[in-house]
Amino acid sequence: MKILLISTYELGRQPFGLASPAAWLRKRGHEVTCLDLSRQALGEQAVREAGLIAFYVPMHTATRLTLELLEPIRKINSGAHLCAYGLYAPLAAESLRATGVESLLGGEFEQWLVDLAEHLAGLSAPPRIHPLDSNVSLARLRFITPDRADLPSLKNYAHLVMPEGEHRLVGYTEASRGCKHLCRHCPIVPVYNGVFRIVDREVVLADIRQQVKAGAQHITFGDPDFFNGVGHAVPLVEALHWEFPELTYDVTIKVEHLRENPELLQTLRNTGCLFIVSAVESLDDGILEKLQKGHTREEFFEVVEECRRGGIALQPTFVPFTPWTTFENYLDLLQQLRRLELIGAVAPIQLAIRLLVTAGSRLLDIEELRKRIGPFDAKSLIYPWEHSNPGIDRLCEELQDIVSSAEKLKQGRAAIFEKIWRAANRASDRHIEENDLQMPVAAKRVPYLNEPWYC
């Protein structure tokens with residue numbers, strides 16, 4: 001059977017979510033074409049010939065782009081079976097089905113895609129799905145090495161930019177999926193509900209090995225939290241470093257886990273870890289409590305110092321615009337980033353992100369928020385909300401415009417931060433001295449990936 005796997009967006013990475021199911025389907029004899037539309041044009045012939053067209057929807061942006069694509073795809077091929085798989089498939093089920101998607105699954109999707117293809121080819125019964133939720137499977141899979149043969153070259157994806165300006169090719173893999181934690185705003189939670197699944201170490205190493213052969217000099221581990229399973233993660237990076245001592249990597253780890261395992265920072269550094277991404281979200285303890293992040297403001301400050309002592313750059317991410325944001329706590333965030341010398345470690349878009357309330361979100365457990373949100377918007381895939389202070393919403397929009405314009409002009413992080421700092425102070429009507437506005441905002445140079453971070 002001819003199958004077309006499509007990714008619309010995955011943070012500038014070569015999509016694991018295409019390469020992994022492609023390997024499973026090709027192993028069963030299916031003819032698979034992979035299209036990454038963030039880097040490739042839509043191939044009409046591949047669309048026209050496919051009996052099954054599957055859209056990978058791992059995040060909000062990718063899902064919205066998929067919704068825009070479904071109608072033109074259906075016009076090219078009205079007979080193909082359309083399906084969606086990935087984290088956002090169950091979260092956007094109503095919208096996807098309304099626009100022509102016939103099958104969808106979140107969670108562990110590879111075996112399900114094989115079963116669906118076999119059924120459509122008349123070779124088996126319909127695929128089995130999780131008995132508790134027709135849109136989710138948390139089955140334990142025995143993964144196989146992803147097949148990246150027909151994906152664009154790594155040179156077409158985000159590069160690692162070193163402090164000296166050197167660019168390095170970046171590969172991407174996943175050593176686990178899901179998450180043990182239940183942060184209220186996280187879209188992983190409604191799907192995995194505290195469960196995580198590991199990818200066998202040898203499969204991860206084999207995937208990295210083929211990317212190194214293709215030129216990768218650095219690997220991003222896309223696990224939601226690399227320390228969900230320390231017993232899996234640490235032997236993996238030790239084995240990786242033994243085989244590829246010059247290879248570097250980055251991981252994502254919660255503040256909570258970094259506090260619990262400070263002794264492992266040295267292990268990470270010694271095995272090639274250049275930086276750690278951590279979803280800090282806010283520096284306001286009240287907001288952190290509402291999001292159930294599992295850490296406090298002071299604990300974040302402690303982790304910043306621990307990472308510095310360990311010789312690893314910390315790259316915090318934020319959701320600064322929430323229904324509980326004030327001008328005071330937003331300005332405090334900027335001031336603390338200055339004080340901690342983290343301006344260069346924070347992608348500017350992280351200072352303009354607005355909280356998304358998605359279908360199934362545990363944020364809906366908060367009564368005061370339920371009273372403030374509007375009906376679910378099937379097009380934008382969120383429950384819309386407005387801040388009680390319209391000035392906060394206007395500032396968020398202004399900062400998004402500032403970041404977008406500045407990045408198009410290739411301006412540096414320090415320059416963009418200065419614009420954000422000035423805009424926030426103007427919006428708040430805060431009286432400050434001109435020399436305060438002109439405080440130097442020297443950005444320490446740290447390694448970073450050169451694609452903005454959208455979710």
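Hi everyone, a quick definition before we start: two strands pair if DSSP finds at least two bridges between them. Please keep in mind that this model is predicted.

Let's begin with strand β13, residues 273-281. How is β13 joined to strand β14, residues 313-318? Six bridges link them, and the two run parallel. Within that pairing, I276 stands opposite L314 in β14. There is a partner in strand β12 too, residues 248-252, which pairs with β13 in the parallel sense over four bridges. There, V251 is the residue opposite I276 in β13. And how many of the nine residues of β13 are buried? Eight are, so the strand is largely enclosed by the rest of the structure.

Next, helix α8, which covers residues 201-213. From first C-alpha to last, its 13 residues reach 18 Å, close to the 18 Å expected at 1.5 Å a residue. V203, V204, L205, A206, D207, I208 and Q211 are the buried residues of α8. What covers them includes α1 (16-27), β8 (167-173), β11 (218-221) and α9 (230-243). If you like backbone torsions, look just after α8, where G215 takes a positive phi of about 115 degrees.

Finally, the cavities. The model has three of 30 Å³ or more.

Methods. Residues are numbered from 1 along each chain as its sequence is written. This is a predicted model: local features need pLDDT of at least 70, side-chain atom pairs count only at pLDDT 80 or more; totals for chains, interfaces and linings use all residues. Side-chain values use heavy atoms; hydrogens and water are left out. On a 1 Å grid over the protein atoms alone, a cavity is a set of points where a 1.4 Å probe fits but cannot get out, and a pocket is an open set with protein on both sides within 12 Å along at least five of seven lines; lining residues have an atom within 4 Å of a point. Grid points are joined across faces, edges and corners, and a volume is the space filled by probe spheres set on the points. The expected span of a helix is 1.5 Å times one less than its number of residues. Buried means under 20% relative accessible area, exposed over 50%, partly exposed in between (1.4 Å probe, protein chains only). Contact means heavy atoms within 4.5 Å.
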